Amino acid sequence: MYLGEMSGLKIGQATRDAFGDALKELGEKYPEIVTVDGDVGNSTRTEVFAKAFPERAFNMGIAESNMVSVAGGLASTGKIPVVASFAAFLLCNAYDQIRMSIAFPGMNVKLVGTHAGISIGEDGPSQMGIEDVSLACSLPGMVVIVTADAVSTKAATAAMIEYEGPVYLRLGRPNVAEIYTTEDTFEIGKANTVREGDDVTIIANGLMVAGALDAATKLAEEGISARVIDMHTVKPIDVDAIQKAARETSAIVVAEEHMSHGGLGSAVSMVVSQANPVPMAYVNVGDCFAESGDPQGLLDKYGLTAAAIIEAVKKVK
Amino acid sequence: MAAQANALSIEELKEKGKVLRRLIIRMTTEAGSGHPSSSLSAVEVVNALWFGGFMKYDAQNPTWAARDRFILSKGHAVPVLYAAMAEAGYFSVDDVMTLRKLGSPFEGHPNMKRLPGIEASTGSLGQGLSLGIGQALGARLNKNGANVFVVIGDGEMGEGQVWEALAGAEKYKLGNLTAIIDQNGYQQTGATKDVLDLGSFEEKIAAFGWHTQTINGNCQESVVAALETASKITDRPKAIISQTKKGYGILPVLEATGDSNFHGKPLSPELAEKALAYLG
């Protein structure tokens with residue numbers, strides 16, 4: 001059983017793989033793109049770009065603080081630096097550098113945190129970025145994107161390169177269900193309604209979009225019509241899509257592969273509480289660190305499942 | 001490009017140094033806060049870079065792509081940079097007197113978003129050298145011959161990121177990057193050797209593969225000579241350990257207050273008057 005299976009979705013590429021392929025393609029079109037790495041390019045997949053454009057790829061070693069500020073310096077010479085590391089190391093280790101070298105001066109740097117969430121599995125909690133969205137959202141002016149599948153990751157990678165300003169893109173390690181086709185559109189700040197519904201809305205991002213679709217499929221069998229929104233951009237959040245959901249459906253459930261505070265749930269509730277407040281429930285890792293284990297086992301144990309979403313829906317519906 | 005074409009002589013630089021010192025004292029006293037003593041120690045270095053012909057820049061076109069870059073990593077000493085930039089024609093001396101006031105782009109620490117010509121927003125110590133590496137790499141990719149100069153505080157050397165950067169700059173053999181450590185011997189709570197003694201900067205930085213020099217950084221001739229030497233080294237990054245005194249130029253006036261560190265506070269109007277008179 002995997003997220004998306006109940007709704008008939010096939011497993012596709014990991015979002016980090018899609019990012020690596022997309023970045024290499026974009027490298028041809030945008031000669032200003034450079035990569036700055038902390039010696040995990042073969043994990044983050046920036047190595048695909050680095051092999052194609054070795055003179056534009058800088059591996060600064062296991063020195064994340066330096067890595068992030070170097071990217072800030074490169075941006076001030078007109079380059080478009082893409083800095084990739086594990087979400088936990090990028091956001092937590094180099095937070096002050098992101099704040100001072102990138103966010104405060106508004107540098108055109110693209111931060112890519114891979115291996116986000118608990119689905120990285122066996123390597124355990126030290127490697128699991130579960131607070132990265134919260135940290136990124138706390139930086140004034142930072143755009144924060146969490147993609148659900150390979151197709152939308154490729155589109156998001158292009159969109160963040162074309163966008164002028166600092167962006168954080170959150171990616172995962174495992175292969176995930178295919179939600180989109182290349183016909184679908186991706187726009188920063190504009191949520192995608194991936195399933196229509198009238199009774200309740202499930203707002204999700206990352207791999208929980210597939211979980212939300214599974215939940216909606218199962219709920220339909222019980223006569224509950226659930227709308228599923230892929231809120232791929234946490235900041236700036238799509239206020240219209242949330243308010244529309246609050247007006248048209250009687251409750252909202254937010255599902256994300258993140259700890260309980262400061263992520264998508266917080267961002268959505270801030271909107272809902274300002275107009276048409278409706279009952280809400282949250283599916284996330286909770287206020288805790290996870291542990292080592294197999295990815296599916298971890299998702300089950302920490303409640304990141306379709307069943308958990310269904311339970312949350314029934315609590316507020 | 002004006003500065004390089006019109007490099008001042010040593011005598012002219014010494015006069016310019018006095019002008020910078022006066023401005024530093026006036027603007028911080030007017031602001032009622034700030035770091036005059038940390039600014040004063042770096043005057044000879046900043047002076048030589050901006051007016052001794054070592055940096056190419058165009059005050060009328062601060063975003064000129066091939067300009068050399070100056071990063072003040074010890075951002076709290078920004079009055080010395082505002083003074084130099086005012087003298088270079090980026091803005092007027094009157095503008096600078098709004099230092100630290102609400103609405104003024106002359107903030108307590110450099111803010112590149114609000115003030116054209118500022119090359120890095122600093123103030124959280126330790127990041128300037130890494131930013132300089134990025135700019136030096138960018139200049140190399142852009143093939144525009146730009147050089148990057150970074151002024152770092154000696155207390156700031158306690159930040160681990162500086163040592164990451166020392167290694168990173170050497171990896172890429174950044175011959176267009178010069179770091180100047182303003183070793184004024186004091187930091188917020190006392191003497192740097194008492195707070196966190198890092199021993200010989202020259203030995204440690206040389207061990208990273210950099211070209212190094214240690215000089216009397218309040219001697220204008222020595223600073224010019226060291227920058228001259230550094231400008232000829234192009235195969236690796238260069239460091240100048242600039243041994244200075246915090247508050248240099250008005251030391252007797254500050255010492256009379258009984259505070260040899262004089263960290264992070266402006267001179268009172270009365271003291272400023274004495275200091276300006278002392279400078280002559």
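Tutor: Gladly! Let's begin with a helix. Helix H2 of chain B covers residues 10-31, and its 22 residues reach 31 Å from first C-alpha to last, close to the 32 Å expected at 1.5 Å a residue. Keep in mind that this is a predicted model.

Student: What follows H2(B), and is its phi positive or negative?

Tutor: B:Gly32 follows H2(B), and its phi is positive, near 80°.

Student: How many helices and strands does chain B have?

Tutor: Chain B has 13 helices and seven strands.

Student: How do I judge the overall form of chain B?

Tutor: Compare its radius of gyration with that of a compact globule. For 280 residues the globule value would be near 19 Å, and chain B has 17 Å, which agrees. Along the principal axes, the C-alpha trace of chain B spans about 50 × 45 × 35 Å. Buried residues account for 53% of the 280 residues in chain B.

Student: Now chain A. Which residues does helix H8 of chain A span, and is it mostly covered or uncovered?

Tutor: H8(A) runs over residues 150-162; these 13 residues reach 19 Å, close to the 18 Å expected at 1.5 Å a residue. The helix is mostly covered, with 11 of its 13 residues buried. Among them are A:Ala150, A:Val151, A:Met160 and A:Ile161.

Student: And how do I read a strand?

Tutor: Look at which way its residues point and which strands pair with it. In strand S5 of chain A (residues 110-114), five of its five residues are buried. A:Lys110, A:Val112 and A:Thr114 point one way, while A:Leu111 and A:Gly113 point the other.

Student: Which strands are joined to S5(A) by bridges?

Tutor: Strand S4 of chain A (residues 80-86) is joined to S5(A) by five bridges, and the two run parallel. A:Ser85 has A:Gly113 as its bridge partner. Strand S7 of chain A (residues 167-170) is joined to S5(A) by four bridges, also running parallel. There, A:Lys110 stands opposite A:Val167.

Student: Last one: how many residues does each chain give to the contact?

Tutor: Chain B gives 21 residues and chain A gives 23 residues. On the side of chain B that touches chain A, helix H7 (128-142) and helix H8 (160-171) of chain B each give two or more residues. H7(B) gives the most, with 11 residues. By class, that side of chain B has seven nonpolar, 11 polar and three charged residues.

How values were computed: Residues numbered from 1 in each chain as written. Chains lettered and ligands numbered in written order. Predicted model: local features only at pLDDT ≥ 70, side-chain atom pairs only at ≥ 80, totals over all residues. Contact = placed C-beta atoms within 7 Å. Nonpolar A, V, L, I, M, F, W, Y, C, P; charged D, E, K, R; others polar. Expected span 1.5 Å × (residues − 1). Buried ≥ 20, exposed ≤ 12 C-beta atoms within 10 Å, placed from the backbone. Rg over C-alpha atoms; globule rule 2.2 N^0.38 Å. Pairing = 2+ DSSP bridges.
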